2 protein chains.
Amino acid sequence: MSFSTQTAVMTFLNEVADKYPSAISLAAGRPTDQFAATLNPAALLKLFSVYESFASCTHHTTDKRPLLLQYGRTAGIINDLVAEQLRVDDDIIVDPERVLITAGCQEALALCLPALCPSPTDVVLLRNPTYIGAAGAAHAGGVNVYPIPNMFSELAEGIELAADQLRATGRQARALYLIPSFDNPTGEVLDQAQRSNILAVCARLQIVILEDNPYGMFRYDGAAVKPLAALDEAGCVIYLSTFSKTIAPAMRIGAATLPKTLFGDKSARQALWQQLVQRKSVLTLNTSQLTQAMVGGLLLESNCSLRPWIQPALNLYRNNRDAMLRQLQTELAPISDSIHWTRPSGGFFVSLDIPFKFDSRDVVDCATNCDVIVMPMSFFAFDDSQDQRVRLSFSAVEPQQICPAITSLAQYVASRIQHRAA
Amino acid sequence: MSFSTQTAVMTFLNEVADKYPSAISLAAGRPTDQFAATLNPAALLKLFSVYESFASCTHHTTDKRPLLLQYGRTAGIINDLVAEQLRVDDDIIVDPERVLITAGCQEALALCLPALCPSPTDVVLLRNPTYIGAAGAAHAGGVNVYPIPNMFSELAEGIELAADQLRATGRQARALYLIPSFDNPTGEVLDQAQRSNILAVCARLQIVILEDNPYGMFRYDGAAVKPLAALDEAGCVIYLSTFSKTIAPAMRIGAATLPKTLFGDKSARQALWQQLVQRKSVLTLNTSQLTQAMVGGLLLESNCSLRPWIQPALNLYRNNRDAMLRQLQTELAPISDSIHWTRPSGGFFVSLDIPFKFDSRDVVDCATNCDVIVMPMSFFAFDDSQDQRVRLSFSAVEPQQICPAITSLAQYVASRIQHRAA
């Protein structure tokens, strides 16, 4: 019911998985392992060498080989390539000098939140439910969080109300954390109109949006919606990149890209940049140049567009989603009218509404009796609004396991409903 | 005069180096570039594969290849190998479950300081001068710092006085940051008796020692002194490892190893471990399994002792130190009786006392007129006690550049003394 910590959830799920090794997990939100073979050691070495050759030509080093084994620039070395990838893949036009390379996107959150909310009365707004790591980074950085009221269909109205409520108690909404495309955990995508409204409200209230976009490139159907950063004219969006879903989580490479100005003020943006770099230098000094070089090599090899590169994974995820939705329709629709689920056009997650409470005891119950592990939505929530909801991941499960997993889950749901009726 | 920030110092030194490209730098404290060729891409690939094979045999994965491209365990995967290296190389006996792998040693500091000093009245003690990044990590984590009074020859007495002074103002010394072997910036090494005294004082006052030991393996002559962690019986030492000097900075692999108990209390140590893991999960999620695998591969290949591996670098540093000390004797001794310098038995640094103030303007002056860049000791200091002192690094300079650099520095020092006398 109350908000969980990342480690508590992971520990709990690992324990359940260890205890029920035959259970199929629809809980893990990681990318597929299927493409590990593509990035075998020889391929990784090649990517490193590609970047090394590029750096030898373009960077002005006195030695023949660039010093990729050394300490490096705090803000990173592949900023230009990441900026180009943002332009090509996401229509976000940026100078490389506004791209801060981080040790994964999680570090970007850990850097930005305290910098945007330095005072005890400053608050970051979060959706309810939301990605656990955002609340965790806020907590570790001493930043207070405030869940956006769920009462409106328009998120922009919720943001405005939250800002009002905070102001009434002497606090200020300074930042907003958002996954606008194929949200974790809900899978929702905000349409163009919603994005425009959110941008307008945040520009007016001077709330900086931390736009986290790990799933945006994984769209399976429907028209693309531009990231907030591509639509931002007021200077209120910090765009958070990650290569964990597009390349590999073990790279631990992310980026925070600042807007050209902060609400029209260029020097405020420059001051924020300095703060982020300073903070990065005392958290992790700099990001590994070895893994930066591998990411850089892949960007060079792919003309800075990762869209062709991710196509095999995208096809696998689309097929998994289709299989899951088909099986949900076949197995769950007949059980009850009060069972609903989302039909996401991208991302990794389906959100399933069930007519009973589902918490950690039920995870164990479901694993024990039906050999399926699923994620209670309440793990991501600030209140009891998500208690009758489950997150189903289709990204990291074997395609042939989806049908039996959903069939088993349906049996579990049916038995719970029967039990309640009895 | 006042304490500098890491980025401010690096930015300043880079600017000076860019402006005076012909100047020889004795300012950089990084390891030598000479051994980059040993860790060429093919060698890195081999290390990765060595670890991958090891992990395939020992870890229970269902797949043929371990999932080194995925997210990983928050506390790391090479804990057992690092524990064994601590035993073999440093006489520190630990269980792998007390070894937390971090994104470089800097992250270990950023994790430990706030965990040890949670209250606003909790304070970390630092030497004066000390490594800039320790004060920076404290600041970023909202932890107050207190420099240990310099008035005693015995550090233990200074620690006790600092704890008294803090107690008198309602504050508590909770942690002590220390580089006991070949300190950065002073190059000093604490002998066995001093270590025992410090351990006794800290055990009695329940002050946790963060023992940072980046240079300990680089001893050029004299008998080895055991790390505090190897002498600790009270449970007051957290040992900070880094592979930046022994393997390569770009690995960004460090470790924090907790004592068996925290002042005799095992559950307190376990609670601290949980806090550190939780905090790591929201700062950087986990440490790159790619670079962990490379470090792990090297540890496997070297039977978990890095001493033979570092021998070529150690020989180079010893020769550099000898060349620097010879040239200081030849060039600086004749100038004035009030010039003194240390004769370090290890590490990267010589500390030079000069009879005039030396600050950032003097760095520029010295670079302009004498083509040498050196580091004011005041950059690392909390007061003006280090104003007439300079840190000379011999780790990252070409051997043949040491003599001309010291000769030029002697000319600069002589001209400053003459100018003052005139």
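Tutor: Start with β2(B) and its partner, strand β8 (residues 253–257) of chain B: the two pair in the antiparallel sense over five bridges. This is a predicted model. Within that pairing, Thr102(B) has Gly254(B) in β8(B) as its bridge partner. Strand β2 of chain B spans residues 99–103. It is mostly covered, with five of its five residues buried. In a regular strand, side chains alternate between the two faces of the sheet. Both faces of β2(B) are covered. On one side sit Val99(B), Ile101(B) and Ala103(B), and on the other Leu100(B) and Thr102(B), all buried.

Now compare a sheet in chain A. Four strands form an open sheet there, in the order β9-β10-β13-β12, with antiparallel pairing. Its edge strands are β9 (340–341) and β12 (375–376) of chain A, each of which pairs on one side only. β10(A) runs antiparallel to strand β13 (residues 389–393) of chain A, and five bridges join them. Ser351(A) belongs to strand β10 of chain A. Ser351(A) counts as buried because its relative accessible area is 7%, below the 20% cut-off. Leaving out residues up to four places away in sequence, Ser351(A) touches Thr186(A), His340(A), Trp341(A), Thr342(A), Met377(A), Arg389(A) and Val390(A).

Next, the nonpolar packing. In soluble globular proteins, nonpolar side chains tend to be buried together. The largest nonpolar core here has 305 residues, and Leu392(A) and Leu392(B) touch the most other members. Among the contacts of Leu392(B) are Leu26(B), Met324(B), Phe348(B), Phe349(B), Val374(B) and Ile406(B).

Aromatic rings come next. There are 23 aromatic pairs over all chains. One is edge-to-face: Phe358(A) and Tyr412(A), 6.0 Å centre to centre, with 90° between the planes. That pair links distant parts of the chain, 54 residues apart. Phe358(A) is in the loop between β10 (349–353) and α12 (360–370) of chain A, while Tyr412(A) is in helix α13 (residues 399–421) of chain A. Phe358(A) counts as buried, at 1% relative accessibility. Tyr412(A) is also buried, at 3%. Elsewhere, Tyr215(A), Phe218(A), Tyr317(A), Phe348(A) and Phe349(A) form one aromatic cluster.

Turn to the interface. In chain B, 55 residues are in contact with 55 residues of chain A. The two chains bury about 4,400 Å² between them, and carbon and sulfur atoms give 65% of that area. Leu69(B), Tyr71(B) and Val282(B) supply 15% of the area that chain B buries against chain A, more than any other three residues. The count of salt bridges between chain B and chain A is zero.

Finish with the backbone. Most residues other than glycine have a negative phi, and most peptide bonds are trans. The peptide bond from Asn128(A) to Pro129(A) is cis, with omega near 5°. In chain B, a cis bond joins Asn128(B) and Pro129(B), with omega about 5°. Pro129(B) lies in the loop between β3 (122–126) and α5 (132–140) of chain B. Phe182(B) has a positive phi, near 55°. Its loop runs between β5 (172–178) and α7 (192–205) of chain B, and Phe182(B) is buried at 1% relative accessibility. Asp371(B) has a positive phi near 60°. Asp371(B) is partly exposed, with a relative accessible area of 32%.

Methods
Residues are numbered from 1 along each chain as its sequence is written. Chains are lettered from A and ligands numbered from 1 in the order in which they are written. This is a predicted model: local features need pLDDT of at least 70, side-chain atom pairs count only at pLDDT 80 or more; totals for chains, interfaces and linings use all residues. Side-chain values use heavy atoms; hydrogens and water are left out. Rings of Phe, Tyr and Trp (its six-membered ring) pair if their centres lie within 6.5 Å; planes under 30 degrees apart count as stacked, over 60 as edge-to-face and the rest as tilted. Buried means under 20% relative accessible area, exposed over 50%, partly exposed in between (1.4 Å probe, protein chains only). A nonpolar core is a set of buried Ala, Val, Leu, Ile, Met, Phe, Trp, Tyr and Cys residues joined through side-chain atoms within 4.5 Å. Contact means heavy atoms within 4.5 Å. Two strands pair if DSSP finds at least two bridges between them. Buried area is the accessible area (1.4 Å probe) that two parts lose on being put together, summed over both. A salt bridge is a side-chain nitrogen of Lys or Arg within 4 Å of a carboxyl oxygen of Asp or Glu.
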